[in-house]
Amino acid sequence: MHTLTKIGTVALLATVFTGCSETTTPEDGPGVATRVTLSGAVADGYISGATVCLDINENKKCDADEPSATTDVNGNYSFEATSDVANGYPIVAVVPAGATDADRPGETLQPFVLTAPAGKPEFVSPLTTMVQSKIETEKVSATEAEDAIKATLGYGVGDDVSLFTDYVAAKDDTTNTSAEHYARIHKVAQVTTRVLEANYTAVETAATDAGLNLNEVLDELVNIIVQQVIAELSTISTSVDTAGDTFNADTVASSTEITDATTVDTTTIEEDVIYQQNLEASAIADLGAVIQNGFFGFGGDYDWSTSTAFVGYEEIIDANLDGQFDSNDRYFYDKSISNWQLGSGDDTEYCI
């Protein structure tokens, strides 16, 4: 269950919004947030029938009170949001069973979730989903996360390739010198989409069987799936390259090499959810708010046998600077109240 307050996504809002157009009404006055339009496309190939929203509570769902829209036949969406939140939260695209993919005529999709970082609404894809997952789990910037995914794909920081570019359009643009790279990225996305589909229902089923509430752990479940993809992204891209001109997304995705590498182990789903929640706890443990004077020792560990994370710090204060320690207190992070607590010295208290 989510008992933690997320601070993983923080953004400064400016008067100009990337990927947004700003509108005002005659009623708008000083101090009143204007409304802006966020628009973009959702793709493996362009996906029709996906619900796209500004994920204000960051739960990987499109809740009734969040600005949202449904993608059209070309994968396009558009919705309005107030300027105070428009660029501050991730984009989520919930692809339901029955949605369609322009790359797969005559087929309907199985459910999965795609995401894109805050301020990047223009294109939502499996690649932007990997970037957003890295942002959330590693607490890095969008640029750092994108560079890491690009490096796994074999692209350097200076290469003229962006994972936020519409690769479907870019690969067909005869004036784009990177068209060939975007064609390759599109193929990687096609395989990845099939991996996401194959895992999503299995992971949800395992979570339900384990007694987990899907409404409370969907965020963690999505990241578990995407992290598995990221871990095997080089395997996916190598398989795409090996296929060459004979590439077929279904053939590659269903190969033993890919299924063995990318299938999530659902037998440990409870432990994996706890681990994802522990990552959140480590992100919100604000040491800066509690450190004021003295010497501090910090510690953290993860017990893989029990899927338990520990975090804490020791405060050693010499208030009079006379070489005599006035206190030697140990604190642990209590996720039930999202704050630091003075500990008794029992190491089990430091479990998050």
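**View 1. Helix 6 and the glycine after it.** Gly-244, with a positive phi near 55°, follows helix 6; helices (H or I, at least four residues) and strands (E, at least two) are DSSP runs numbered from the N terminus. This is a predicted model, in which local features need pLDDT of at least 70 and side-chain atom pairs count only at pLDDT 80 or more, while totals for chains, interfaces and linings use all residues. Residues are numbered from 1 along each chain as its sequence is written, and side-chain values use heavy atoms, with hydrogens and water left out.

**View 2. The buried residues of helix 6.** Helix 6 (residues 233–243) buries Leu-233, Thr-235, Ile-236, Ser-237, Ser-239, Val-240 and Ala-243 (buried: under 20% relative accessible area, 1.4 Å probe, protein chains only). Their packing partners include helix 1 (126–138), helix 2 (142–153) and helix 5 (214–231); contact means heavy atoms within 4.5 Å.

**View 3. Tyr-167 in the largest nonpolar core.** This core has 75 residues, and Tyr-167 is among those with the most contacts inside it, along with Ile-47, Ile-91, Leu-127 and Ile-149. Such a core joins buried Ala, Val, Leu, Ile, Met, Phe, Trp, Tyr and Cys residues through side-chain atoms within 4.5 Å. Helix 4 (residues 179–209) gives the most to this core, 11 residues. Beyond its neighbours within four places in sequence, Tyr-167 touches residues including Phe-123, Leu-127, Tyr-182 and His-186.

View 4. Three bridges join strand 4 (residues 51–54) to strand 5, where Ala-69 is the bridge partner of Val-52.

Notes. Buried < 20%, exposed > 50% of the residue type's maximum accessible area, 1.4 Å probe, protein only. Pairing = 2+ DSSP bridges.
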